[in-house]
Amino acid sequence: MTARQRLAWALLALAAVFSRFYLLGERVPHHDEAVHAHLARELLLLGQYRYDPTYHGPLQFYVLAPLMAVFGQNDFVARSWSAACGVALVLVPFLLRRRLGHGPALAAGFLMLLSPTLTYYARFARNDTPVALFTLAAVALILAGQRSRRYAFPALGILAALHLASKETFYVYGVVMGAALFGAVPVWSRKAREKLERWVREHRLGLLSGVLAFLAVTLTAYTVFFRFPEDAFFWQKAFSYWWGQHKEQRVAGPPWYYLPRLGLYEFAILGLAAAFFWQRRRRLSLTWRFFLLWGLFSLGMYAYLGEKVPWLAVHQLLPWCLPAGAALAKLLAPGGVHRYVLAAALVAGTAWSTLQSSFWNAAIEPATGKAELLVYVQTVPSFAGIIAEGRKLAEENGEETVLAVAGEAGWPLSWSWANIPVWWDKPQAGQNIRLFLCDPGQEQDIVNTLGRAYGCGEVPLRAWWVEEFPVSLRDLVRWWATRQAWSPLGWQSVVVCRQVPSP
């Protein structure tokens, strides 16, 4: 590499670290983030964990527990694993600089750096960003191995195992990428089958080492280092639970649920990838055919699956990043000024959405009327004041339990108030509760039970956007410029009651 190329990759790495870690602990934790952080804390303090498909694979907890031991139990640390994987994901194209060329590889990393979807969920304590990292890294190692005819089979087995140990999307990827490979490779051709058979014979020992590495990691992780040997059949739990969720459609949505999110946020990556494949439509190589089919089958699979949540857009976006990088590099090659203007418009529009969704408007506050399609049932920003108030009260009263929580406010408070004395139920007579939270309608019974004077008020806990389609062009443009939602916001409230001092 030239000195200029090394500098470019170094700047990309620094930008990735800044965008993924800056103000990482500021947003109030989402319900799911609080649950994941709480489970990691239990593993750290109590040594308690067993695989439950409701909360996905064990890897996140194995990583977060020691991080909490070293750096503390806070929101920044809870999100740090996903953020670190987000940084690494941006740099994965570096492995392909010889296969794709420095320009296309760097452009792909730059587009992933700017991506609103990849940025937002890299700053979110869920498993989707690690899964994207392990998947794209495995694909990059395979492509790099094709060039040198040397494959890192144990590393590939470990990356596949880390994906499976992170989230059950492994099974979805297996179907999607298997179908893409089958469609890209003419397996019906005798010549292709013979070539595949020769390749398998040539690499049989390497393939075996990869399988053994995969089994070693997954069995160790899911049995909690063989503490629960019966969980070696973890896949049965996973299939049973998630197929049930698909049929139940607990979080339902129309088949086109992801299209507005991808179109409004990821027009740069999708538009450039579409241009890339259109220009090469008559001479697509096997590799690019695979990427095209991987992307199309991903869109189709997630349109079919019954659970519709915005973080699954990460997996639908991933296949388009490398072809989009190749297209952007070509767009920036010496040529007409209009090409630079188009590239600048794509970058500026994407950066605007990233700043809005990840930094300026990363959670919905009903009072403002602003909302992002990427934000899903997020704890409202103003709830941070309640969290801080409770911590201050606990600090002032030492070991005495003066806080109580009943009902929906249990999350995120089970995590946010984890290290202070809290009564996690309806208060009982005789307790000196100074501040309690409960569901609307419960407050009067609790006040009567405690027999003290309280001032109570209803506040939003978590909010969401009930987006409606079709939407007029005028409303869409207004949303783009101001982020004012074009349809109603929804929210769930809790009641906060504070003890009134005696005269």
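Predicted model: local features only at pLDDT ≥ 70, side-chain atom pairs only at ≥ 80, totals over all residues.
Residues are numbered from 1 along each chain as its sequence is written, and side-chain values use heavy atoms, with hydrogens and water left out.

**The whole chain**

Along the principal axes, the C-alpha atoms fill a box of roughly 90 × 60 × 50 Å. The radius of gyration, taken over C-alpha atoms, is compared with a globule rule of 2.2 Å times the number of residues to the power 0.38; for 503 residues a compact globule would have a value near 23 Å, and the protein's 25 Å agrees with this.

Switch to a cartoon view, where the protein shows 23 helices and five strands; these are DSSP runs numbered from the N terminus, helices being H or I of at least four residues and strands being E of at least two. If you colour by accessibility, 50% of the 503 residues count as buried, where buried means under 20% relative accessible area, exposed means over 50%, and partly exposed lies in between (1.4 Å probe, protein chains only).

Contact means heavy atoms within 4.5 Å, and among contacts between residues at least 6 apart in sequence, 76% join residues at least 24 apart.

**Helix α19**

Select Ser 358, which lies in helix α19, residues 337-360, and which is buried because its relative accessible area is 4%. Beyond its neighbours within four places in sequence, Ser 358 is in contact with Pro 116, Thr 119, Tyr 120 and Arg 123. A polar contact is a pair of N or O atoms within 3.5 Å, and within protein one must be able to donate a hydrogen and the other to accept it, while residues adjacent in sequence count only if both atoms are side-chain atoms; the side chain of Ser 358 reaches the backbone nitrogen of Tyr 120 at 3.4 Å.

Stay in helix α19 and move to Ala 345, which is partly exposed, with a relative accessible area of 47%. Draw a C-alpha to C-alpha distance from Ala 345 to Ala 268, and the two are 9.1 Å apart in space although 77 residues apart in sequence.

**The loop between α7 and α8**

Next select Ala 125, in the loop between α7 (116-122) and α8 (128-148). Ala 125 counts as buried at 1% relative accessibility, and, not counting residues up to four places away in sequence, Ala 125 touches Glu 33, His 36, Gln 60, Ala 78 and Arg 79.

His 56 is buried, with a relative accessible area of 6%.

Val 224 sits in the loop between α12 (204-222) and α13 (234-248), and is buried at a relative accessible area of 10%.

**Two cis peptide bonds**

Move to the bond from Trp 411 to Pro 412, which is cis with omega near 20 degrees; Pro 412 lies in helix α21, residues 410-416. Then select the bond from Phe 469 to Pro 470, which is cis with omega near 0 degrees, Pro 470 being placed in the loop between β4 (454-465) and α23 (473-482).

**Ser 487**

The last stop is Ser 487, in the loop between α23 and β5 (489-499). Is Ser 487 buried or exposed? Ser 487 is buried, with a relative accessible area of 9%. Its side chain makes a polar contact with the side chain of Trp 465 at 3.0 Å, and a polar atom of that Ser 487 side chain lies 2.9 Å from the backbone oxygen of Val 466. Setting aside neighbours within four places in sequence, Ser 487 is in contact with Trp 465, Val 466, Glu 467 and Glu 468.
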